[in-house]
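User: I have a new structure to read. Please take me through its features one at a time.

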Amino acid sequence: MNQQFLEKHMTLHYVGKCIKHIGDKKFMNFVLEDEKNPSRVIFSCLGNENPDKNIMIIHNGFPLNGFFAEFRCTLKLLAYADRYAFVPYIIYDDSYIYSEQKEINSTCNPFEYFFKQPSGLSYQEVRSSFNVFDSKTLHSYMIDMKHGIKLSSYDSGEAYIDELALMMRKYIHLNERTQEYIDSSITELFEGKGKVLGVHHRGTDYKKEYKRHPKFVTLDEKINHIKKVEKDYDKIFVATDELQAVDELQKAFGDKVCYYKDVFRGDGDISVAYSISKRENHKYLLGLEVLRDMYTLAKCNGLIAGISQVSLCAQIAKRSMGNKYDFLEIIDNGIVEEGEYFSVR
């Protein structure tokens with residue numbers, strides 16, 4: 001019995017149960033309470049394996065989430081699992097925007113394209129286990145509330161970063177293929193280069209300034225910040241989704257600028273996450289490239305960036321390695337309060 005069949009069967013079972021209980025006030029109150037109480041979980045018995053483990057299946061959330069919006073949500077769900085000593089198993093489905101319609105790295109689970117399972121359990125073991133429950137987005141809010149973070153915001157803070165860094169160090173491990181790819185890329189780019197200043201520029205769709213997203217930080221603003229500390233660094237690593245940014249930074253800082261030349265970048269105002277390309281495994285490669293960018297930024301000595309999920313996760317990753325940046329400048333122009341919400345258009 002394959003994974004998609006099982007998940008479709010469970011969905012139909014849930015829908016059937018709801019139809020069966022239409023008009024049942026007690027059942028309705030039970031479901032409503034389950035949806036609003038983050039401390040409440042309902043276990044299912046799927047088999048007799050692992051009777052000593054309470055397994056939490058962590059799912060991907062909002063289908064429009066970019067790589068690190070989803071990654072951050074997963075870290076928060078891992079914090080929930082850790083608090084209650086649940087055993088996490090992470091599975092992303094076809095709605096994940098980096099999902100391919102075939103196996104990648106011998107798996108159909110997009111999380112496993114890049115990472116090892118934190119518990120070491122297999123899908124078959126989980127689906128035959130004694131105590132299993134599925135994560136809800138609601139569970140991820142518990143760590144936000146703990147640290148006074150507004151829901152669905154870009155807020156952070158030292159204690160918040162520390163806790164998510166602990167979760168990353170404890171549970172997030174690259175699979176061998178991804179680890180080798182990222183390590184060799186960083187070594188080739190940085191070896192013998194001295195101190196490196198990381199610069200992250202989020203262009204493309206950020207220029208549209210969607211509601212509740214950070215206000216766009218222009219490249220000129222970043223260049224002005226770089227000029228203030230350029231003398232302290234031997235190289236400037238550029239991570240960006242925009243072709244123009246690489247050209248402009250090279251004009252400003254010449255040979256000091258280094259970047260990955262095999263990254264897919266955009267030249268318009270559409271997020272590269274929703275780009276179309278004829279290259280094989282394009283969606284998977286988009287995820288791999290931004291993951292490598294984030295880890296490379298985390299290896300830099302300093303960081304200049306705007307507010308974004310990438311720059312936040314780079315700080316979390318840096319902290320998970322037991323380090324901090326010797327210089328950190330996150331340019332905050334505020335959050336867009338009016339206008340349209342994000343869309344793929």
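Analyst: C313 is buried, at 0% relative accessibility. Buried means under 20% relative accessible area, exposed means over 50%, and partly exposed lies in between (1.4 Å probe, protein chains only). The model is predicted: local features need pLDDT of at least 70, side-chain atom pairs count only at pLDDT 80 or more, and totals for chains, interfaces and linings use all residues. Residues are numbered from 1 along each chain as its sequence is written, and side-chain values use heavy atoms, leaving out hydrogens and water.

User: How many disulfides does a search of the whole structure find?

Analyst: A disulfide is a pair of cysteine sulfur atoms within 2.5 Å. The search of the whole structure finds zero. Take C258: the closest cysteine sulfur is in C300, 7.5 Å away, so the two are too far apart for a bond. C258 is buried, with a relative accessible area of 8%.

User: Back up to the overall fold. How many helices and strands are in the secondary structure?

Analyst: Helices (H or I, at least four residues) and strands (E, at least two) are DSSP runs, numbered from the N terminus. This protein has 12 helices and eight strands. Of its 345 residues, 49% are buried. For contacts, count heavy atoms within 4.5 Å. Take those between residues at least 6 apart in sequence: 74% join residues at least 24 apart.

User: How many aromatic pairs are there?

Analyst: Rings of Phe, Tyr and Trp (its six-membered ring) pair if their centres lie within 6.5 Å; planes under 30 degrees apart are stacked, over 60 edge-to-face, and the rest tilted. The whole structure holds 21 aromatic pairs. In one, Y92 and Y96, the ring centres are 4.6 Å apart and the planes meet at 50°, so the pair is tilted. Both tyrosines are buried: Y92 has 4% relative accessibility, and Y96 has 5%. Y113 and Y284 make an edge-to-face pair, 5.8 Å centre to centre with 90° between the planes. That pair links distant parts of the chain, 171 residues apart: Y113 is in helix α4 (residues 110-114), and Y284 is in helix α11 (residues 282-299). Y113 is buried, at 0% relative accessible area. Y284 is buried too, at 8%.

User: Which residues do ring pairs link into a cluster?

Analyst: The cluster takes in F67, F68, F71, Y92, Y96, Y98, F111, Y113, F114, F115 and Y284.

User: Where do charges lie over rings?

Analyst: The test is NZ of Lys or CZ of Arg within 6 Å of the ring centre and within 35 degrees of the ring normal. K195 lies over the face of Y233, 4.8 Å from the ring centre. R292 puts its charged end over the ring of Y260, 3.8 Å from the centre.

User: Now the core. Which residues touch the most other members of the largest nonpolar core?

Analyst: A nonpolar core is a set of buried Ala, Val, Leu, Ile, Met, Phe, Trp, Tyr and Cys residues joined through side-chain atoms within 4.5 Å. The largest has 66 residues, and L75, F115, M168, I172, F237, L291 and M294 touch the most other members. Helix α3 (residues 67-83) gives the most to this core, 10 residues. A second, separate core has 18 residues, including L219, Y233, V238 and I304.

User: What does F115 touch?

Analyst: Setting aside residues up to four places away in sequence, F115 touches F67, F71, I172, H173, L174, N175 and L291. Follow H173 next. H173 sits in the loop between α7 (158-171) and α8 (176-190). At 36% relative accessibility, H173 is partly exposed. Between the C-alpha atoms of H173 and F114, 59 residues apart along the chain, the separation is 8.7 Å.

User: Where is S320, and is it buried or exposed?

Analyst: S320 belongs to helix α12 (residues 309-320). S320 is buried, at 12% relative accessible area. Beyond its neighbours within four places in sequence, S320 contacts A165, M168 and R169.

User: Last, backbone angles. What is phi of N50?

Analyst: Phi of N50 is near 55°, a positive value in a residue other than glycine. N50 is in strand β1 (residues 49-59). N50 is buried, with 15% relative accessible area. S106 is not a glycine either, yet has a positive phi of about 65°. S106 lies in the loop between β2 (87-91) and α4. S106 is exposed, at 67% relative accessible area.
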